[in-house]
Each structure stands twice: as C-alpha cells, then as structure tokens.
Amino acid sequence: MTQFHLILLMFFLFISGCAQKISPVSSENPQWKTLLQGQTAWHARGKLAFISPQERQSANFNWQLSNNKQHLILTSFIGTRLLELTEHQNHSELIYDGTTYKDDNSSALIKRLSGFTLPMGQAPYWLTATVKNDSNEYDAQHRLTATTWVDPQGQVWHAKYQKYKLYDQMWLPTRMDLTHKDLTVKLQLNEWQF
C-alpha cells in the first residue's frame, strides 16, 4: 500500500511539473540605453487616441523608422486605411482618402489633413523614450517617466510614460501620453521589432 501511495505521489508530481509553463528569462542589457540610442531601424505597432475638448479619434498604427525616415500607417479598428505617411529625402508624402499630398514637414502635413498635431520630427526620440532634456524624470531602473520639450514650431510638448517592457534586452515604452495645450495623444505600443 505504501508503495502504491509513493507511485501515486510521483505521478502527481510529474503531471504538475509538466503542466507548469516555463517562460524564458529575459533580462536587460546593462548598456540598454546606449544600445537603444544606437538603433537606426525599428518597427512599432499599437493603438493611439487623439483626445481634445471638441472630439476624440482613435486608430491602430504601424510605425517604422529606417535610415532616419519614418513610415506611418493609421488604420481604423476594422482595418480600413485612414492615412499613410512616408518621409523621403527632401519631402514627405501623405496618402489620405485616395489622394497624395506633399510637404517638406511631416507634422504640418498631418495637421493640415487630419486637424491633429503630432510632433513627427521628434517621434523617433519620444516614441522610444530616448529624449535628451534637462526636464527628464526617471524611475529606479533609469527609464524615462516624464519629459518636456519644445518642437521646431515652438510648441511645448509633455510626455509621460506609464509602462515599459523588455524587447531585445532594452526597455521600451508600452503605454504613454503626449500632451500639448488641450490635446492629449494616448499611445499603447503592443509590439516592437528591431
């Protein structure tokens, strides 16, 4: 009888051991900040919402950086393409409602066609939380929690970072808010690729 209990105990231990999911350990690179600042190409996906006293708009985004040029696609939640912005060497192109528009400034192009302000020129820095500014605030793990900067058009922007996740041993934001006057842009970053 004792032998039967021992076999039964071993069986249950074996079954419970098999049922546990072992997740790989992901740890940060001690030089993750330097590694992140050196990235010249990335791809981020997620959701964003523009919130102002007059209206609220939300969309999914697919945002890429390659050779210091950005490519941004906004889609509705059912997959309809709302706009596509592509930066070129000397200008930016935005496809909106089947028509292509051009400007030498991505932020001005988005503002002109959508009515919303977005600091595109600084996006590779605020999106990855690598803004360099005297106003920066950090948490215990040296991740940016808040910052303020002035864009080339003289507009003051504030960014607050609520959540981070490790990607390729680097801390990347997964939830953040941008504010400018009475506009708030909420971003949820679901995926980062390098």
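A residue counts as partly exposed when its relative accessible area lies between the cut-offs of under 20% for buried and over 50% for exposed. Arginine 45, at 36% relative accessibility, is therefore partly exposed. The model is predicted. The protein contains four helices and eleven strands, and six salt bridges are present in the structure.

**Overall figures**
- The protein has 194 residues, and 38% of them count as buried.
- Its accessible surface is about 12000 Å², with 53% of that belonging to carbon and sulfur atoms.
- Of the contacts between residues at least 6 apart in sequence, 39% join residues at least 24 apart.

**Salt bridge between arginine 45 and glutamate 191**
- The side chains of arginine 45 and glutamate 191 form a salt bridge, with an N to O distance of 3.7 Å.
- This pair links distant parts of the chain, the two residues being 146 residues apart.
- Arginine 45 lies in strand β1 (residues 41–51), and glutamate 191 lies in strand β11 (residues 183–193).
- Glutamate 191 has 25% relative accessibility, so glutamate 191 counts as partly exposed.

**Other salt bridges**
- Arginine 81 pairs with glutamate 84 in a salt bridge whose closest N and O atoms are 2.6 Å apart.
- Glutamate 84 counts as buried because its relative accessibility is 16%, and the cut-off for buried is under 20%.
- Aspartate 103 and arginine 112 form another salt bridge, where the closest N and O atoms are 3.6 Å apart.
- Arginine 112 has a relative accessible area of 47%, so arginine 112 is partly exposed.

Key. Residues are numbered from 1 along each chain as its sequence is written. This is a predicted model: local features need pLDDT of at least 70, side-chain atom pairs count only at pLDDT 80 or more; totals for chains, interfaces and linings use all residues. Side-chain values use heavy atoms; hydrogens and water are left out. A salt bridge is a side-chain nitrogen of Lys or Arg within 4 Å of a carboxyl oxygen of Asp or Glu. Buried means under 20% relative accessible area, exposed over 50%, partly exposed in between (1.4 Å probe, protein chains only). Contact means heavy atoms within 4.5 Å. Accessible areas come from the Shrake-Rupley method with a 1.4 Å probe; for residues, only the protein chains shown count as cover.
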